[in-house]
Amino acid sequence: MRISKAAVETDFRRSARRAVVREKHVPRRHVRTTVQLKNALAREDTLLREKSDLLQRHAMMAQEFEHRLLNSLQLIVSLLSLQSRAATTPEAATQLKIAANRVAALGRVHRQLHLLDHQEKVELKQYIQHLCEDLSGLLFQEGAKHAIVLEGANVEIPTALGIPLGFIVNELITNSAKYAKGTITVRLGTTSAVSHSLSVSDDGPGLPAEFDPASGRGLGMKIIQSLVKQIGGELHIAPSDDCRGACFTVTFDCPKS
């Protein structure tokens, strides 16, 4: 079959016209796409600025909240201390002082933890060291023979686990300070990659042989047991290494991430 020259030219012209049409439409599509991308980027920049503003306002509100909370706790401590001086019985004065110390401890732990905001991990030894320094300044007068010594290697734990451990250390040291004659020792230990221990020992008169923390009526021991249970740990009580005083040891697991 023969194809006429006219038919070939007609087909060529038809293809050429389609190509020209395509060339005319391609730039228009590109322009529309470019405009859409620019609009999308502009919207994204606006959303990012709004998010940044919200985060800044949130941070400022959080700081204001922390400031007011610490001020309120300090006010409560001052009121309890004043009330203890006006108490009519020695027992009432003692209980008010204990309450004031616990509120003050709450403020100290809260302040230390606030420094760890937005951190998933905390170096336990450094964290406990700061708490020990605060407690030493609160519990012992300048020039006193008492001291709080921290021993052991550093270990990194989740910040969420550091919160109850901080309160446990506070309660144990506060309790030991009532009976210690000289040094209170805080010791951090590691028995395996995931198992750790924290102990507080003193050189006081020790505990009676029949001492049972589960049946005790003291609020401090109840707080300690509750916090130990919260972290899934165990509380062990024994005489100190030199067979004087008491040693409270909390063992707990901290799985490696």
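The protein averages a pLDDT of 77, and 76% of the residues score at least 70; pLDDT is the predictor's confidence in each residue, from 0 to 100. This is a predicted model, in which local features need pLDDT of at least 70, side-chain atom pairs count only at pLDDT 80 or more, and totals for chains, interfaces and linings use all residues. Residues are numbered from 1 along each chain as its sequence is written, and side-chain values use heavy atoms, with hydrogens and water left out. Treat residues 5-9 with some care: pLDDT stays under 50 there, and the model has one contact for them beyond four places in sequence, where contact means heavy atoms within 4.5 Å.

Now for the overall layout. The protein has five helices and seven strands, taken as DSSP runs numbered from the N terminus (helices are H or I, at least four residues; strands are E, at least two). Reading from the N terminus, the order is α-α-β-α-β-β-α-β-β-α-β-β. Of contacts between residues at least 6 apart in sequence, 65% join residues at least 24 apart. The accessible surface comes to about 17400 Å², with 56% of it belonging to carbon and sulfur atoms; such areas come from the Shrake-Rupley method with a 1.4 Å probe, and for residues only the protein chains shown count as cover. Of the 257 residues, 30% count as buried, meaning under 20% relative accessible area, with exposed being over 50% and partly exposed in between (1.4 Å probe, protein chains only).

Together with Leu-75 and Leu-82, Leu-79 makes a nonpolar surface patch of about 310 Å².

Next, look at the loop between strand E5 (195-201) and helix H5 (219-230), which holds Asp-203. Asp-203 counts as buried because its relative accessibility is 17%. Leaving aside residues up to four places away in sequence, Asp-203 touches Ala-180, Lys-181, Gly-182, Thr-183, Arg-244 and Gly-245. A polar atom of the Asp-203 side chain lies 3.1 Å from the backbone nitrogen of Gly-182.

Phe-211 also lies in the loop between E5 and H5. At 31% relative accessibility, Phe-211 counts as partly exposed. Beyond residues up to four places away in sequence, Phe-211 touches Met-221 and Ile-237. Phe-211 and Ile-237 are 26 residues apart in sequence and 9.4 Å apart in space, C-alpha to C-alpha.

Notes. Patch = residues over 30% accessible without salt bridge, like charges linked within 9 Å, V, L, I, M, F, W, Y side chains within 5 Å. Salt bridge = Lys/Arg side-chain N within 4 Å of Asp/Glu carboxyl O. Polar contact = N/O pair within 3.5 Å; in protein donor to acceptor, adjacent residues only side chain to side chain.
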